[in-house]
Amino acid sequence: MSVINTSFNDDIVVTSDCIRNKSRRVECRLCIDACSSGALSITSSGTVEIIPDACSGCGGCTAACPVMAITGPFPERQTADDQLYLDAITAPSVKELLLYYRAGYRTLVVDENHFAWRDVVERTNSLLHACHQVPFLMNYYRHDDNHASAEQLDVVIARRRFLHIGTVQRYLGKKTSPTNRLISDIFPDYQLFSININKNACSLCSSCLKLCPTGVFHYQNKQLVIESGECVGCKLCQESCPESAIEVREEIAKKTQTHYSFNVAFCPRCQNPFPSLNPGEHLCPACSMQEKLRFTGDRIGMKSLNFSA
């Protein structure tokens, strides 16, 4: 892992582990969507860069990145006992709420005027229910009420960010922000995504094995083995597959392992046998690629060129 880009105070760092550095076909923009200050953008080469003057160091991007490729502080929230206060400064991601849940917070105190956040909370509670966990208890308030989490909350959070109070909290014995981790590690008995392979399209090129940041794919005993419980939903495999043979879906279930057996297929063009998930007679990967790239001399104007000149 190496540093790609940093914020103005070097707290937020986009590393080379960002999946946009692995393939130009990747469309992930979760960090950008999570940034409340518009400090992240996509470069002409397709990578993520930080706009230093715009970065507030809120940490929303660090929590949102599915592969933890952005290092820095976790989003700071006001907490009390098992209650988490959702303020108006930065909106949480589903992953962030799940990490707070794992850290022991069970009640969300939310300004009822923030309607857009209800979707995140509802999706989080739906996921918790599917994992047989007790959902967050909701406690709504109005920002203009005399509630301890109203205007005072915004001031406290701003002051904590400025003074990096996380260190002070440890000395005071108070709860701190949860440790960032992969979403697949939050509920280890469950998988949050399912991965399906189109056996007729897969060429066993191994790109998914080489690119997957969490080791979902591997070969074992003449089989392609898929550990869906390790999937974090980054879709690097799906978007990079040259045959478009992989589909990643949000689907919560008990952790499973899927096996696709190798078969011996026969290529009618080169007349050679080759390993495939699809038995029978069809083009091997090499001949299939030649077919895709094949151009006749007439189509590219070869006959009109004078090579003797």
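Guide: A salt bridge here is a side-chain nitrogen of Lys or Arg within 4 Å of a carboxyl oxygen of Asp or Glu. The model to which this rule is applied is predicted.

Visitor: To what number of salt bridges does the count come by this rule?

Guide: Among the pairs that meet the rule are arginine 29 with aspartate 33 and arginine 77 with glutamate 96. Glu247, Arg249 and Glu251 are joined through salt bridges into a network. By this rule, the count comes to 7.

Visitor: Is aspartate 33 buried, partly exposed or exposed?

Guide: The side chain of aspartate 33 meets that of arginine 29 in a salt bridge, at 3.2 Å from N to O. Arginine 29 has a relative accessible area of 39% and is therefore partly exposed. For aspartate 33 the value is 53%, and the class above 50% applies, so aspartate 33 counts as exposed.

Visitor: How many residues apart are arginine 77 and glutamate 96?

Guide: The salt bridge between arginine 77 and glutamate 96 has its closest N and O atoms 2.8 Å apart, and both residues are buried. Arginine 77 lies in the loop between strand E5 (70-71) and E6, and glutamate 96 in helix H3 (residues 94-102). The pair thus links distant parts of the chain, and the separation is 19 residues.

Visitor: Which are the edge strands of the open sheet of 4 strands?

Guide: The order of this sheet is E6-E7-E8-E9, with mixed pairing. From one strand to the next, the twist averages 25 degrees. An edge strand pairs on one side only, and this holds for strand E6 (78-80) and strand E9 (137-141).

Visitor: Which residue in E9 stands opposite aspartate 111?

Guide: Strands of a sheet pair through backbone hydrogen bonds, either parallel or antiparallel. Strand E8 (residues 107-111) pairs with E9 in the parallel sense, over 5 bridges. In E9, the residue opposite aspartate 111 is tyrosine 141.

Visitor: Which residue takes a positive phi in the hairpin of E15 and E16?

Guide: Strand E15 (residues 263-266) and E16 run antiparallel and are joined by 4 bridges, and phenylalanine 266 stands opposite proline 273. Strand E16 (residues 273-276) has a covered face, Phe274 and Ser276, and an uncovered one, Pro273 and Pro275. The hairpin has 6 residues between the strands, and a positive phi near 65 degrees is taken by glutamine 271.

Visitor: How far apart in space are cysteine 234 and proline 213, C-alpha to C-alpha?

Guide: Cysteine 234 lies in the loop between strand E12 (223-227) and helix H8 (236-240). With a relative accessible area of 11%, under the 20% limit, cysteine 234 is therefore buried. Not counting residues up to four places away in sequence, cysteine 234 touches Ile19, Pro66, Val67 and Pro213. Cysteine 234 and proline 213 are 21 residues apart in sequence, and their C-alpha atoms are separated by 9.0 Å.

Visitor: With the side chain of which residue does the side chain of serine 23 make a polar contact?

Guide: Serine 23 lies in the loop between strand E2 (13-15) and helix H1 (30-34). A relative accessible area of 12% is under 20%, so serine 23 is buried. Beyond four places in sequence, serine 23 touches Leu236 and Ser240. The polar contact, at 3.0 Å, is with the side chain of serine 240.

Visitor: Which element of the chain has the lowest mean pLDDT?

Guide: The chain averages a pLDDT of 82, and 79% of the residues score at least 70. The value stays under 50 over residues 1-9 and also over residues 147-175, for which the model has 47 contacts beyond four places in sequence. Strand E10 (residues 190-197) has the highest mean among the elements, 97, whereas the lowest, 41, belongs to helix H6 (residues 166-172).

Definitions and conventions:
Residues numbered from 1 in each chain as written. Predicted model: local features only at pLDDT ≥ 70, side-chain atom pairs only at ≥ 80, totals over all residues. Heavy atoms only, no water. Pairing = 2+ DSSP bridges. Helix = DSSP H or I, 4+ residues; strand = E, 2+ residues; numbered from the N terminus. Axes fitted to C-alpha atoms, helices over the stretch in contact; angles between N-to-C directions. Buried < 20%, exposed > 50% of the residue type's maximum accessible area, 1.4 Å probe, protein only. Contact = heavy atoms within 4.5 Å. pLDDT = per-residue confidence, 0-100. Polar contact = N/O pair within 3.5 Å; in protein donor to acceptor, adjacent residues only side chain to side chain.
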